[in-house]
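Please read it next to the model.

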Amino acid sequence: MTPRARVRVAESFRRGLETYHSAARTQAQIARDLVLMLRGNGAPAGFAKALEFGCGTGHLTEALVQSFDLDTLYLNDLLPEAADLAARSVAPLCPKVLTGPVESLDLPTGIDLIASASTVQWVLDWPKVLDRLCDALAPKGWLALSGFGTNQYHELTVLSSGGAAPNYMDAQDWPRILPLGMELLEIRQTPIVVTFDSAREVLRHLRRTGVNGRAGDQWTREQLQRFETAYHDRFEQDGKVTLTYDPVMLIARKA
Ligand SMILES: C[S@@+](CC[C@H](N)C(=O)[O-])C[C@H]1O[C@@H](n2cnc3c(N)ncnc32)[C@H](O)[C@@H]1O
């Protein structure tokens, strides 16, 4: 991603920030499911040092603090205002907000849990970043991540609306990039199909979540009309249109 493209991603999330928390119901569900997976795979009741990157407005942050005793939680997001927002509700646990792209973070060491929901699809050179993150994990440390597979927003891909994230990965892509010494305990890829009253509502939803926020942005009225007609032609069922989320969630542990 060029620096300009990174700025566009940040702008898109910034614009959706106020509405993200309530509009991103699917991401909220994914965050809760990720925490359940962590529990289901035998994670301990508490972690001394945890890091969450791409925390956004705190869907995963909330689910983590509700389920685990955390002594220290480092929060990161590309947007300082997002990380500040998430940190506010967990202030006593959060010594410092780490803002900026996770790719260039100065990572704490000896971390017991690294968690992130719905963010790795935006991270550049992800295998290298994953290596660094796993290095920062303490022995027996836990990794709980979710991203999206190549079927993410397939309706938009089919209609070539643009704005896709740079790093969609399917479940089968993960084992080969997990660093040596990390054991994959569970991985899941289960699509979630959401319905809307109209294609225009889909665009509104994307804008409100800041995700693919650029879809439809610079279109003329005619282009918008063409997009809406094509969306209804291809993806209308029983008077509603679909939008597919393709979450990939995994739990891994360091030896
Ligand atoms: C879809 S939101 C997910 C937020 C939250 N984790 C959740 O589950 O609701 C993605 C977040 O990742 C952040 N982000 C995007 N690229 C990033 C990067 N390279 N490093 C850190 N955060 C990033 C965005 O600012 C946004 O807040």
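1. A salt bridge here is a side-chain nitrogen of Lys or Arg within 4 Å of a carboxyl oxygen of Asp or Glu. By this rule the count comes to 7 salt bridges. Three of them are taken up below.

2. This is a predicted model, in which local features need pLDDT of at least 70, side-chain atom pairs count only at pLDDT 80 or more, and totals for chains, interfaces and linings use all residues. Residues are numbered from 1 along each chain as its sequence is written, and side-chain values use heavy atoms, with hydrogens and water left out.

3. Glu81 and Arg14 form a salt bridge through their side chains, at 2.5 Å from N to O. Because Glu81 lies in helix 4 (residues 80–88) and Arg14 in helix 1 (residues 3–23), the pair ties together parts that are 67 residues apart in sequence. Helices are DSSP runs (H or I, at least four residues), numbered from the N terminus.

4. For accessibility, buried means under 20% relative accessible area, exposed over 50%, and partly exposed in between (1.4 Å probe, protein chains only). Glu81 is partly exposed at 29%, and Arg14 is partly exposed at 40%.

5. Glu201 pairs with Arg204 in a salt bridge whose closest N and O atoms are 3.3 Å apart. The two residues, Glu201 and Arg204, are 3 residues apart in helix 7 (residues 199–209), so about one helical turn separates them. Glu201 has 30% relative accessibility and counts as partly exposed; Arg204, at 43%, also counts as partly exposed.

6. The side chains of Lys128 and Asp125 form a salt bridge at 4.0 Å, N to O. Lys128 counts as exposed, at 56% relative accessibility.
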